[in-house]
Amino acid sequence: MDELEFCLKSLSYPLGMLLERLERRNGKVVTVSKETLALPEIPFVVKCYLTAVALFESLDIVDKKRLSDDYKAIEEFRLKILHSKLGEGVAEYLTDPGRYLLISEHLAIDWLEFERREEKVRPYLERLKELRNEVKERSEFLKRTDFLEELGVDEGLLLRYLAEDEKFKELINAALGKHNPEFKAMVVRYFKALRG
């Protein structure tokens, strides 16, 4: 997994699954086809946002409806960037993304594969929910989540994606950062890429 896939799966795990099977190439604008994703030389933060939008726009109406909450997360990401120091240099890309996108073919999410992966991490999610109900102190919750070291980075991102609310997502992030060195290292790489 590289930083772009990590960024995408943090926003929308199913869209990140689409990225897994696309060969990446250089291009003038972000271009999506059945087998390739062309990306221009643009700042990483813009690359992540535009790739997410392009993949979302490549979906049919049913998948778009199913991922409407994910699209809200992508838009929140855009607003966070615009209101941060990073936003100063990249505002042109974020205020009119359509100018930098080209969808030449439509893609479909493999929901059976998504469900197969979900089944694998579901027991971890259930354990975390039980812990959250049992333990009121954040420090105690984090202490008792050492079982998360068993997960790979991809599984950690899916686990986070399946959490129902932002507070719980943040708790899962903290627990993964504390107990999963591989996940923690990927987060560091990701933030380095964001800062350019």
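Rings of Phe, Tyr and Trp (its six-membered ring) pair if their centres lie within 6.5 Å; planes under 30 degrees apart count as stacked, over 60 as edge-to-face and the rest as tilted. The model here is predicted, so local features need pLDDT of at least 70 and side-chain atom pairs count only at pLDDT 80 or more, while totals for chains, interfaces and linings use all residues. Residues are numbered from 1 along each chain as its sequence is written, and side-chain values use heavy atoms, with hydrogens and water left out.

**Exercise 1. Aromatic rings**

Solution: 
- Start with the total: a search of the whole structure turns up 10 aromatic pairs.
- Next, find the helices (DSSP runs of H or I, at least four residues; strands are runs of E, at least two; both numbered from the N terminus).
- Then check burial (buried is under 20% relative accessible area, exposed over 50%, partly exposed in between, with a 1.4 Å probe and protein chains only). F114 is buried at 7%, and Y161 is buried at 18%.
- Last, look for a cluster: F6, F44, F183, Y190 and F191 form one.

**Exercise 2. Charges over rings**

Task: Find which ring the charged end of R66 sits over, and which ring R132 covers in that way.

Solution: 
- Apply the rule: NZ of Lys or CZ of Arg must be within 6 Å of the ring centre and within 35 degrees of the ring normal.
- For R66, the ring belongs to W111, and the charged end is 3.7 Å from its centre.
- For R132, the ring is that of F168, with 3.9 Å to the centre.

**Exercise 3. The disulfide**

Solution: 
- Count sulfur pairs (a disulfide is a pair of cysteine sulfur atoms within 2.5 Å). The count comes to 1 disulfide.
- Read the handedness: the angle about the S-S bond is -95°, and the link of C7 and C48 is left-handed.
- Check burial: C7 is buried at 1% relative accessibility, and C48 is buried at 0%.

**Exercise 4. Salt bridges**

Task: Locate the salt bridges of D69, E164 and R144 in the chain.

Solution: 
- Get the total first: there are 23 salt bridges (a side-chain nitrogen of Lys or Arg within 4 Å of a carboxyl oxygen of Asp or Glu).
- D69 bridges to K72, with the closest N and O atoms 3.3 Å apart. Both lie in helix 5 (residues 68-82), 3 residues apart, about one turn of the helix. D69 is exposed at 54%.
- E164 pairs with K129 at 3.0 Å between the closest N and O atoms. E164 is in the loop between helix 9 and helix 10 (166-179) while K129 is in helix 7, so the bridge ties together parts 35 residues apart in sequence. E164 is partly exposed at 48%.
- R144 meets E134, the closest N and O atoms being 2.8 Å apart. R144 is in the loop between helix 8 (138-143) and helix 9, and E134 is in helix 7, 10 residues apart. R144 is partly exposed at 35%, whereas E134 is exposed at 53%.
- Finally, trace shared partners: E5, K9, E20, E113, R116, R117 and D154 are joined into one network of salt bridges.

**Exercise 5. The nonpolar core**

Task: Find the residues that touch the most other members of the largest nonpolar core.

Solution: 
- The largest core has 70 residues, and L15, L50, L55, F77, L148 and L159 touch the most other members. Helix 3 gives the largest share, 11 residues.
- Zoom in on L15, leaving out residues up to four places away in sequence: its contacts (heavy atoms within 4.5 Å) are L8, A52, L55, F56, L59, L67 and I74.

Key. A nonpolar core is a set of buried Ala, Val, Leu, Ile, Met, Phe, Trp, Tyr and Cys residues joined through side-chain atoms within 4.5 Å.
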